[in-house]
Amino acid sequence: MDIASLGGDLLGTIPLGDIVLYLTPFHLFMFVVVLIFTGLIAISRSETQVEASFKTLKDNKVSVGLEEFKIRRFLAIVCGLATAGAMITGDLFNFTLFVTLIGIINVGIVSAVKQIDVLDAAYNYGIIAMIASLPLFGGASIILASTGTLSLFEIAKIATTAPMMTFGAILLLIGIAGETGTAPFFASKAEMFRTPGSPFILIIHLSSLMVIIRAIEILLIIVKVI
Amino acid sequence: MNLMANIIMNVAIAFLLGSLLLGLHRKIMARIQLRPGPPIIQHFLHSLKFFFKESTFPKTASMPFYIAIACIYCAVWITAVIVGPITYGSLFVIFAIYAVYKIVEHNAGSSSGSPYGKVSCVRAVFSAAAELPLFAVLAIVFFQTGTMNIGDIIAYQSAHGPLVYSIPLAALMFFILILSKSPYSPFSITKGKDIISGFETEHFGVLRGYMMLSESISWYILLWVFLTVFFGPLSFSWYLIGMVTITTLTAIINATTPILNPNHSVMSQISIAILGIGGSILIMLLV
């Protein structure tokens with residue numbers, strides 16, 4: 001299968017041994033968008049969340065303290081860079097590593113918050129992400145075992161899909177769905193967003209959606225139905 | 001034609017047609033509900049009006065993100081016009097643009113510090129979990145045609161007939177996605193009236209102008225992608241007829257259906273997505 005039929009004309013390749021990094025307009029768009037958002041997160045100040053107070057007419061303003069601000073900003077930038085890496089990598093194992101790194105950092109970004117509901121949600125999401133890492137890495141290793149390579153550029157050249165490749169792709173899909181908190185694993189992750197701290201919490205959502213889209217491209221490279 | 005002139009012309013057409021279609025949508029909904037409703041041109045006039053209004057910024061907002069997010073909203077849909085009607089590029093890029101739109105929806109809500117925006121932000125995460133699988137219908141198009149390039153998909157349909165006949169479930173899924181993005185839809189949980197205007201609540205003046213302009217362009221682009229991918233190749237007049245028909249259909253559905261609870265909305269969409277993807281693959285394997 002031609003890589004260009006998925007993401008547009010090939011703009012260039014960087015061969016690193018049998019691992020070939022390749023860039024199409026699709027990868028370039030995703031990479032640039034992630035970097036723009038990461039840059040904006042790095043220079044923005046945090047929001048002040050306004051909440052209603054019980055038994056009074058006053059507002060309760062919740063803001064992020066300086067120490068918390070610094071650590072969350074750092075983690076958000078690392079998450080942004082990991083997402084950018086996942087957008088342009090041409091290696092399946094690197095992709096799974098970036099996805100797990102994103103999962104760990106997502107929990108870290110909200111773990112400093114002193115809100116029980118948010119911490120509960122982060123704990124639940126953390127458990128799902130940990131469990132999902134098994135099918136994620138398992139899927140990648142099964143694909144390696146059945147194709148002999150983890151290079152997406154090389155996998156794209158394989159004409160037919162072996163049954164074990166399809167099985168590996170299904171495991172990958174389950175792993176990515178758990179790590180990124182998409183349906184049916186969305187509920188706990190969505191609750192994490194109740195915490196104050198925009199724009200840092202944005203990177204949690206950004207990384208998930210971008211990884212899902214890249215994952216669909218990767219799965220279409222592996223599974224050749226046509 | 002010069003590329004820059006082509007871009008400006010297509011963006012202007014997208015904005016004009018998109019805002020008139022949204023005006024028509026509102027008019028039809030009003031007439032079904034036995035109200036006179038605003039003139040069809042009202043959405044267009046509203047969009048222009050906001051560019052001349054005073055802009056104010058909440059003290060609680062996350063600056064400069066709060067401003068940048070409205071500009072990014074506009075920029076991504078202008079990019080969609082370039083990738084779609086101008087260059088006939090990859091459908092994957094349009095998919096990525098839609099994901100960025102969901103991110104913008106999320107952060108426009110959370111960056112203001114408003115509780116209404118925050119609820120909309122949480123709901124944006126819920127809805128993205130369901131809408132992206134619906135957009136993943138494009139994978140079925142790839143399985144059928146062997147390409148994600150819009151130009152090649154049009155060429156495939158010229159030779160084999162419209163895709164709506166061969167993968168009707170995929171077309172239905174994309175229609176549900178369009179329905180989700182139409183105003184007052186049963187799935188529009190991010191802009192439910194229980195949270196004022198959702199993520200747009202705290203954006204005023206020129207920022208709201210950008211948002212309304214982007215809304216019009218996004219409506220036009222979603223309809224264009226649907227018609228091109230499932231019915232193409234079409235002439236301009238057929239595009240116009242198709243867009244008016246889909247807008248009318250969504251208006252009728254929205255006027256007679258209440259907004260669903262967020263959990264019900266997500267589970268309905270995800271059920272349709274699973275049935276659509278599974279059913280389409282089954283049909284392709286059997287036929």
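Me: What are the angle and axis distance for H9(B) and H10(B)?
Reply: In this predicted model, helix H9 (residues 168-181) of chain B packs with H10(B) at an angle of about 170°, and their axes are 10 Å apart. That makes H9(B) roughly antiparallel to H10(B), since angles over 145 degrees are put in that class.

Me: And which residues of H9(B) and H10(B) meet?
Reply: From H9(B) you have Ala171(B), Phe174(B), Phe175(B), Ile178(B) and Lys181(B). They meet Leu222(B), Leu223(B), Phe226(B) and Phe230(B) of H10(B).

Me: How many of the residues in that contact are nonpolar, polar or charged?
Reply: Eight are nonpolar, none is polar and one is charged in the contact of H9(B) with H10(B).

Me: Moving to H7(B), which residues are buried there?
Reply: H7 of chain B covers residues 150-160, and Ile150(B), Ile153(B) and Gln157(B) are buried in that helix. They span an arc of only 55° around the axis, which puts them on the same side of H7(B).

Me: What covers the buried residues of H7(B)?
Reply: Several helices of chain B do, including H3 (65-86), H4 (91-110), H6 (138-145), H8 (163-166) and H10 (205-231).

Me: What about the face of H7(B) turned away from its buried side?
Reply: Ser158(B) and Ala159(B) sit on that face, and they are exposed.

Me: What does the backbone do just after H7(B)?
Reply: Gly161(B) comes there, with a positive phi of about 90°.

Me: OK, Ala80(B). Where is that, and is it buried or exposed?
Reply: Ala80(B) is in helix H3 of chain B. Ala80(B) counts as buried because 28 C-beta neighbours lie inside 10 Å, and the cut-off is 20 or more.

Me: What does Ala80(B) touch, leaving out residues up to four places away in sequence?
Reply: On that basis Ala80(B) touches Ile94(B), Ile97(B) and Ile221(B). Take Ile97(B): 17 residues separate Ala80(B) from Ile97(B) in sequence, and their C-alpha atoms are 6.7 Å apart in space.

Me: Next, H2(B). Which residues are buried there?
Reply: His43(B), Phe44(B) and Ser47(B) are buried in helix H2 (residues 42-51) of chain B. Their arc around the axis is only 105°, which puts them on the same side of H2(B).

Me: And what do the buried residues of H2(B) pack against?
Reply: Helix H1 (3-32) and H10, both of chain B.

Me: Switching to chain A. How many helices and strands are there?
Reply: Chain A has nine helices and four strands. Along the sequence, the pattern of chain A reads α-β-β-α-β-β-α-α-α-α-α-α-α.

Me: What are the box dimensions for chain A, and what share of its residues is buried?
Reply: Along the principal axes, the C-alpha atoms of chain A fill a box of roughly 70 × 30 × 25 Å. Chain A has 226 residues, of which 51% count as buried.

Me: What share of the contacts in chain A comes from residues 24 or more positions apart?
Reply: Taking contacts with a separation of 6 or more, 72% are between residues 24 or more positions apart.

Me: How do S1(A) and S2(A) run, and how many bridges join them?
Reply: Strand S1 (residues 12-16) and strand S2 (residues 19-23) of chain A run antiparallel, joined by five bridges. Ile14(A) stands opposite Leu21(A) in S2(A).

Me: How many residues lie between the strands in that hairpin?
Reply: Two residues lie between S1(A) and S2(A), and Gly17(A) in this hairpin takes a positive phi near 70°.

Me: How many residues of S1(A) are buried?
Reply: Zero of its five residues, so S1(A) is hardly covered.

Terms used. Residues are numbered from 1 along each chain as its sequence is written. Chains are lettered from A and ligands numbered from 1 in the order in which they are written. This is a predicted model: local features need pLDDT of at least 70, side-chain atom pairs count only at pLDDT 80 or more; totals for chains, interfaces and linings use all residues. A residue is buried if 20 or more other C-beta atoms lie within 10 Å of its own, exposed if 12 or fewer, and partly exposed in between; C-beta atoms are placed from the backbone. The arc is that of the directions from the helix axis to the C-beta atoms. Two residues are in contact if their C-beta atoms, placed from the backbone, lie within 7 Å. Axes are lines fitted to C-alpha atoms, for helices over the stretch in contact, and angles run from 0 to 180 degrees between N-to-C directions. Angles under 35 degrees count as roughly parallel, over 145 as roughly antiparallel, 65 to 115 as roughly perpendicular and the rest as oblique. Ala, Val, Leu, Ile, Met, Phe, Trp, Tyr, Cys and Pro count as nonpolar, Asp, Glu, Lys and Arg as charged, and the others, Gly among them, as polar. Two strands pair if DSSP finds at least two bridges between them.
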